[in-house]
Amino acid sequence: DAKKDDEKVKKKGHTDSALRYKLTSGGSYNCIRHALKRSGFKQTKGEAFNLHWGRPLKFPEYGELDVLQKTNHFPGAFLLGRKDNMARACARFRRIFGPDA
């Protein structure tokens with residue numbers, strides 16, 4: 001069923017109004033799947049999705065996302081997730097913009 005829907009899509013995005021999500025490794029929690037299903041989303045394995053949930057994308061992959069495609073991560077989020085990376089980023093920010101910024 002989802003395979004037929006994916007075949008209708010000529011490029012990234014959708015030709016119909018169905019909301020679709022794609023799960024990758026690290027994103028297959030039952031609570032996520034159930035919440036998306038209750039919200040009217042259908043799961044897909046293709047590239048025609050509105051929501052990508054799972055592992056962070058590689059930097060070039062963010063540029064390949066369509067305007068209507070969203071992900072649960074944003075580029076460079078790992079810099080804020082670990083205290084040592086965040087401390088380095090803050091120090092670099094202060095060097096560039098001054099201690100009062």
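Trainee: How many helices and strands does the secondary structure of the protein chain come to?
Mentor: This is a predicted model. From the N terminus on, the elements run α-β-α-β-β-α-β-α-α. The secondary structure comes to 5 helices and 4 strands.

Trainee: What share of the residues in the protein chain is buried?
Mentor: Buried means under 20% relative accessible area. The protein chain has 101 residues, and the buried part of them is 27%.

Trainee: Which residues make the nonpolar surface patch of about 310 Å²?
Mentor: One of the residues is Leu80, found in helix 4, residues 78-81. Leu80 has a relative accessible area of 51%, and exposed means over 50%, so Leu80 is exposed. The patch is made by Phe74, Leu80 and Met86.

Trainee: How many aromatic pairs are there, and which one is edge-to-face?
Mentor: A pair of aromatic rings is described by the distance of the centres and the angle of the planes. The count comes to 2 aromatic pairs.

Trainee: What kind of aromatic pair do Phe93 and Phe97 form?
Mentor: The ring centres of Phe93 and Phe97 are 4.7 Å apart, with 45 degrees between the planes. Planes under 30 degrees apart count as stacked and those over 60 as edge-to-face, so the angle of this pair falls under the remaining class. The pair of Phe93 and Phe97 is tilted.

Trainee: Is Thr71 buried or exposed?
Mentor: Thr71 lies in strand 4, residues 70-71. Its relative accessibility is 19%, and the cut-off is under 20%, so Thr71 counts as buried.

Trainee: With which side chain does the side chain of Thr71 make a polar contact?
Mentor: Leaving aside neighbours within four places in sequence, Thr71 is in contact with Leu51, His52, Leu57, Tyr62 and Leu65. The polar contact is at 3.2 Å, and the partner side chain is that of His52.

Trainee: How many salt bridges does the structure hold?
Mentor: Side chains of opposite charge can pair when their charged atoms come close. Among the pairs here are Glu61 and Arg55, at 3.5 Å from N to O. Glu61, at 24% relative accessibility, and Arg55, at 30%, both count as partly exposed. The number of salt bridges is 4.

Trainee: How many residues apart in sequence are the parts tied together by Lys22 and Glu47?
Mentor: The side chains of Lys22 and Glu47 meet in a salt bridge at 2.8 Å, N to O. Lys22 is in strand 1 and Glu47 is in the loop between strand 2 and strand 3, so the pair ties together parts separated in sequence by 25 residues.

Trainee: Which residues do salt bridges that share partners join into one network?
Mentor: The side chains of Arg88 and Asp84 meet in a salt bridge at 3.8 Å, N to O. Both lie in helix 5, 4 residues apart, about one turn of the helix. Arg88 counts as exposed at 51% relative accessibility, and Asp84 as partly exposed at 34%. The network joins Arg82, Asp84 and Arg88.

Note on methods. Residues numbered from 1 in each chain as written. Predicted model: local features only at pLDDT ≥ 70, side-chain atom pairs only at ≥ 80, totals over all residues. Heavy atoms only, no water. Patch = residues over 30% accessible without salt bridge, like charges linked within 9 Å, V, L, I, M, F, W, Y side chains within 5 Å. Areas by Shrake-Rupley, 256 points an atom, 1.4 Å probe, with all protein chains shown as cover. Helix = DSSP H or I, 4+ residues; strand = E, 2+ residues; numbered from the N terminus. Buried < 20%, exposed > 50% of the residue type's maximum accessible area, 1.4 Å probe, protein only. Phe/Tyr/Trp six-rings, centres within 6.5 Å; stacked < 30°, edge-to-face > 60°. Polar contact = N/O pair within 3.5 Å; in protein donor to acceptor, adjacent residues only side chain to side chain. Contact = heavy atoms within 4.5 Å.
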